[in-house]
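These notebook entries record what I looked up, item by item. I begin with helix packing and then turn to the ligand and the domains.

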Amino acid sequence: EEQKRSRAGHPRVRVQRLYAEAAHYLEPANAYVHIKGWVRTVRDQKQFAFVQVNDGSNVSGVQVVVDGSLPSFHEVTQLTTGCSVAVLGYVRESPGKEQPIEIHATSVELIGSVSSEYPLQKKRHSFEFLRGIAHLRPRTNSFAAVARIRSALASATHTFFQSMGFIYLHSPIITSSDCEGAGEMFRVTTLPPGAGDDQADFFGQRVSLTVSGQLSAEAYACALGDVYTFGPTFRAENSNTKRHLAEFWMIEPEMAFASRDDAMDNAEAYVKYGVSFLLDKQWEDLQFFDRFIEKGIVQKLEMTRDLPFARVTYTDAIEILFKSKEKFEFRPEWGADLQTEHERYLAEKHFQRPVFVYNYPAKIKAFYMRSNDSESNAEGRRTVAAFDLLVPGIGELIGGSQREERYEMLLSRMQELNLNPDQYWWYLDLRRYGTVPHAGYGLGFERFVQYCTGMDNIRDVIPFPRYPGHCDF
Ligand code: 4AD
C-alpha cells in the first residue's frame, strides 16, 4: 500500500537534495524516496548487499542497503558498474563514517544492463584515455564534477551581471567582421550543389564563425548602457596547448560611459563573485578537486575571493621580468607580447595572486583599443588602454580594454593596420552618432573552469572539445 502511495505521490529525488535536506528526509513521514541512477559498486555481504548508486547530482552518490530477504536480492548482487537502476526505499542515518545517510531498499529495479565491453572500470583512467570516450567520461567523478562546476559558474555569471543591471545580449555566431583582426576565423559555406569555398554564396559575401561578440556588444552598450554576452566563440589558430580550443565560450561584458579602470574593477568583482559562489554552493566538488586534482585549490580560491588583485603597467611588468633571476625561454622585451612563462611568473611567483597588466604597446594590440595619446611620457603615448588579467596556473584569463570612441582616431588606426573601413562602416557609425567612452573585456570560460578546478588541460573542462585534428563527437 505504502509503496503504491509513494510511487504515485513522490517524484524522484536527486541524491544531492537528499544530502542537502537530510533532516527533512529522515522524518518518518518523508523518508520514503525514489531515486534513479547508475551503479558504481556492489558489495555482496551475503546477509546484505551495499550498492553505491550515483545519479550525477553529487560526487559520492548514495549507499543503498539491500536486505538478503528482498525477492530481487540475487539480481542485485549481479549488478555491475554502469547498470542503470531505480530504487525505492527509506532514508536512514548511516552507521558508517563515509556518509551521513543511506537508503534501505524496498525494491531495486534494473533498467539498463551493461555489456562486458563497458570501457569504464573501477580503477582510475587517464584523462587522455577518457578523451577518446568523451560520451562516457561524464560518468567518472572528475568529469561529472567539472560539469557541475561549469553549470554553477554559468549560473553565477548570469546572477552577477543581472543583479548589476546588465542586459544579456545574444550576439551572432555567423559574422562578416573579424573582431580581433587576426584572420583566425573558420569560414562558413553552404554545402554543394552550387556552393564552394570561394563562392560568395548564401549571404552574398564571405562569412565566418565569430571570434568574439565584442563588436555587437559595443553597438548594444551604446544604446542600453551595460550589456554582456555569454556564448560560443571560435578560433582557427593552430595552437596545440593546454589553454587553447578551437571552440570555447566567452563572457564579454561591455559598459558605456566607462573607462579601462571601470572595466578592471568589474572584472575583479566578477571573478571574485564566481569563485565565492562555488565556495558557497559547490563545496563537495571543490573538496574533490582539492583531494584528487590540485592540492590546496580551496585555499587558492579563498585567497582569490578575499585579497585584492594586483595591478601593474605593462612597462613595469617588463621591468619586473627583466630584473627577475628566472631563466625564461623568451627574453622579456618592451614591445613584445608576454609569453605564457612570463604571465605565469608574474601571477605565481612575483605577485602570487591574480594580477592585471595594463597599458600595452599599441603595436601588439587590436585596432579598437583606445590610444593613451594623452600620457605624459613618450613611451606611455605608444600604449593603448588595454589590460589582461593573469592568474596563477593558467596565465591569461581575461583580455579587455577601453575602446577607441573617437571617430578620427579609430579611422586612422584602421588605416594604419590596413583594415578596410568599409567593412566596419556600422562600427564606425557608433562613433559618429552620440559616441561615449566605453570599455569591456572577454573572459575565457574554460580557463575560468580550469582555474576553479585545477584541471590541467582545457580539453577536459568542456564536454566535447574541438582542437586541431579533433571533432569526433
Ligand atoms: O584576449 P581575447 O582574444 O579578447 C577578445 O576576444 C576581446 N574581443 C574580448 C573583449 O574585449 N570583449 O580573448 C579573451 C579571452 C582570453 O583572455 C582567454 O581567456 C580566452 O578568451 N581565449 C581562449 N580560450 C580558449 N581557447 C582559445 N583559443 C582562446 N582564445 C582566447
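**Entry 1: α14 and α15.** I looked up which residues join these two helices, and found that Y407, L410 and L411 of α14 meet L428, R431 and R432 of α15. Two residues are taken to be in contact if their C-beta atoms, placed from the backbone, lie within 7 Å. Helices here are DSSP runs (H or I, at least four residues), strands are E runs of at least two, and both are numbered from the N terminus. The model is a predicted one, in which local features need pLDDT of at least 70 and side-chain atom pairs count only at pLDDT 80 or more, while totals for chains, interfaces and linings use all residues. Residues are numbered from 1 along each chain as its sequence is written.

I noted that α14 covers residues 407-416 and α15 residues 425-432, and that they pack at an angle of about 155° with their axes 9 Å apart. α14 is therefore roughly antiparallel to α15. Axes are lines fitted to C-alpha atoms, for helices over the stretch in contact, and angles run from 0 to 180 degrees between N-to-C directions. Angles under 35 degrees count as roughly parallel, over 145 as roughly antiparallel, 65 to 115 as roughly perpendicular, and the rest as oblique. By class, this contact has four nonpolar, no polar and two charged residues. Ala, Val, Leu, Ile, Met, Phe, Trp, Tyr, Cys and Pro count as nonpolar, Asp, Glu, Lys and Arg as charged, and the others, Gly among them, as polar.

**Entry 2: α9 and α10.** I recorded an angle of about 125° between α9 (residues 283-292) and α10, with the axes 8 Å apart. The two helices are therefore oblique to each other. L286, F289 and D290 of α9 meet I297, V298 and L301 of α10. I counted five nonpolar residues, no polar residue and one charged residue in this contact.

**Entry 3: α8 and α10.** I found that α8 (residues 260-281) packs against α10 (residues 297-306) at about 135°, with the axes 8 Å apart. This makes α8 oblique to α10. On the α8 side the contact uses V271, K272, V275, S276, L278 and L279, and on the α10 side L301, E302, T304 and R305. I classed these residues as five nonpolar, two polar and three charged.

**Entry 4: the ligand.** Which residues come nearest to the ligand? Of the 22 residues around the ligand, I listed S212, Q214, G399, G442 and G444 as nearest; a residue is near if its C-beta atom, placed from the backbone, lies within 6 Å. β15 gives the most to this shell, with five residues. The shell divides into seven nonpolar, eight polar and seven charged residues.

**Entry 5: the domains.** I looked up the domain assignment, which gives domain 1 (2-112) and domain 2 (137-460); such bounds come from an automatic or database assignment. Their C-alpha centres lie 45 Å apart. The contact takes four residues from domain 1 and seven from domain 2.
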